[in-house]
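Have the viewer open while you read.

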Amino acid sequence: MTGTVLLVVAAAIFNESGEILLAQRPEGKSMAGLWEFPGGKLEPGERPEEALCRELKEELQISVEPSALQPITFASFGYPDFHLLMPLYEVRDWRGELAGLEGQEIAWVKPAELASYKAPPADIPLFEELARRY
């Protein structure tokens, strides 16, 4: 493993029924077909909350205010080529009609059923934590 640390941000978006939104990684991306929380990488000089709001607009066409992001937990996971550090935020308030703008499938999942979705290794402990909490 190299010393590269990759900082990404992710959102556990909850609907009114208490289900959490998962997005399936599209073909052509690494780990295609696996289910994950929406989010992405920070741009230079960007705060994590700003990055997550930008990513949610780009990926799902929804607007989220930084003040609507509530930290839940984080993942710290060593992949062969890099170490991933990923804060996970709870989102319950957004504007816009949610749609997968990058060709990704999306699914609303009960917290207790998250474990039945194949996910990147870094996301699995987060799935387990959300199933415990909610």
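## The three-stranded sheet

E3-E2-E7 is the strand order in an open sheet of three strands with antiparallel pairing (pairing takes at least two DSSP bridges between two strands; strands are DSSP E runs of at least two residues, and helices are H or I runs of at least four, numbered from the N terminus). Strand E3 (35-36) and strand E7 (106-109) are the edges, each pairing on one side only. Strand E2 (residues 20-24) runs antiparallel to E7, joined by four bridges, and Leu21 has Trp108 as its bridge partner in E7.

A word on the source: this is a predicted model, where local features need pLDDT of at least 70 and side-chain atom pairs pLDDT 80 or more, while totals for chains, interfaces and linings use all residues. Numbering starts from 1 along each chain as its sequence is written, and side-chain values use heavy atoms, leaving out hydrogens and water.

## The four-stranded sheet

The other open sheet goes E4-E1-E6-E5, with mixed pairing. On average, neighbouring strands here are turned by 20° against each other, direction ignored (axes are lines fitted to C-alpha atoms, for helices over the stretch in contact; angles between N-to-C directions run from 0 to 180 degrees).

Eight bridges tie E5 to strand E6 (residues 83-91), and the two run antiparallel. Ala75 sits opposite Met86 in E6. Helix H2 (residues 124-133) packs on this sheet, touching strand E1 (5-13), E5 and E6 (contact: heavy atoms within 4.5 Å), and its direction makes about 150° with that of E5.
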